[in-house]
Amino acid sequence: MKQSQNASIGIRRGPARLRKIASWLVFSGVIFLVAGLLNAALRLPLWAAPQSFGEINLTEVAPRIITPNGDLQNDVAYFRFDGSLAGLPIDTSVLDVNGAKIASLKLDSSETNLLWDGKDESGRALPSGIYIYQISIGNHRATGTLAIAR
Ligand SMILES: [Ca+2]
């Protein structure tokens, strides 16, 4: 007797519960859509589009958050270009949040990437935090942020 009562209550509550779930799904769908559009609007100009340095483009900076602990997972930030950097007038800086230059980006052996391993000019490991990179090639300049997480 008690079971059938519970079952009938369950049936009566069913549609209301379904409507609740459906409206929650619509609500979260709208939130995801807005978040997706915002994300696309904010990221496209800075992220997906290559940054032009005239004859050469910076196509990717990744990862933006490095964890330099020697496990080979996100230990180094790579700045990938679509051509050789050899012989170009490159000037790079990594600044702390106070604007003090603490490091430079290094050219890797392929000469198409710059990289940063989270160390200062003397090779000392820097603490967790936000850092700013600047890359100049001739009159062109790119600036952005990186983070170290330890
Ligand atoms: Ca790591």
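Five strands, in the order β3-β10-β9-β5-β6, make up an open sheet with mixed pairing, where strands are DSSP runs of E of at least two residues, helices are runs of H or I of at least four, and both are numbered from the N terminus; two strands count as paired if DSSP finds at least two bridges between them. The model is a predicted one, in which local features need pLDDT of at least 70 and side-chain atom pairs count only at pLDDT 80 or more, while totals for chains, interfaces and linings use all residues. Residues are numbered from 1 along each chain as its sequence is written.

At the edges of this sheet stand β3 (65-66) and β6 (101-103), each of which pairs on one side only. The partner of β3 is strand β10 (residues 140-148), with which β3 pairs in the parallel sense over two bridges, and here I65 stands opposite A147 in β10. On the other hand, β10 and strand β9 (residues 129-137) run antiparallel and are joined by nine bridges, with Y133 opposite G144 in β10. The hairpin of β9 and β10 has two residues between the strands, and in this hairpin G138 takes a positive phi near 60 degrees.

A further open sheet of five strands has the order β1-β2-β4-β8-β7, and its pairing is antiparallel. Because β1 and β7 (106-107) stand at its edges with a single partner strand each, one side of each is left without a neighbour in the sheet. Within this sheet, β4 and β8 run antiparallel and are joined by four bridges, and the bridge partner of F79 in β8 is L114. In general, the side chains of a regular strand alternate between the two faces of the sheet.

The packing can be followed from the largest nonpolar core, which has 17 residues, and of these F79, V94, L105, W116, Y133 and I135 touch the most other members. Such a core is a set of buried Ala, Val, Leu, Ile, Met, Phe, Trp, Tyr and Cys residues joined through C-beta atoms within 7 Å, and a residue is buried if 20 or more other C-beta atoms lie within 10 Å of its own, exposed if 12 or fewer, and partly exposed in between, with C-beta atoms placed from the backbone. Strands β4 (77-81), β8 and β9 each supply at least two residues of this core, and β9 gives the most, with four residues. Leaving aside its neighbours within four places in sequence, L105 is in contact with F79, T92, V94, L114, L115, W116, Y133 and I135, contact meaning that the C-beta atoms of two residues, placed from the backbone, lie within 7 Å.

E55 counts as exposed because it has 10 C-beta neighbours inside 10 Å. From C-alpha to C-alpha, E55 and G83 are 8.6 Å apart in space, although 28 residues separate them in sequence.

Taken along the sequence, the protein follows the pattern α-β-β-β-β-β-β-β-β-β-β, with one helix and 10 strands. Of its 150 residues, 13% are buried, and residues 24 or more positions apart account for 48% of the contacts with a separation of 6 or more. The average pLDDT, which is the predictor's confidence in each residue from 0 to 100, is 86 for the protein, and 83% of the residues score at least 70. Confidence is lowest in helix α1 (residues 2-48), with a mean of 67, and highest in strand β8 (residues 113-116), at 98.
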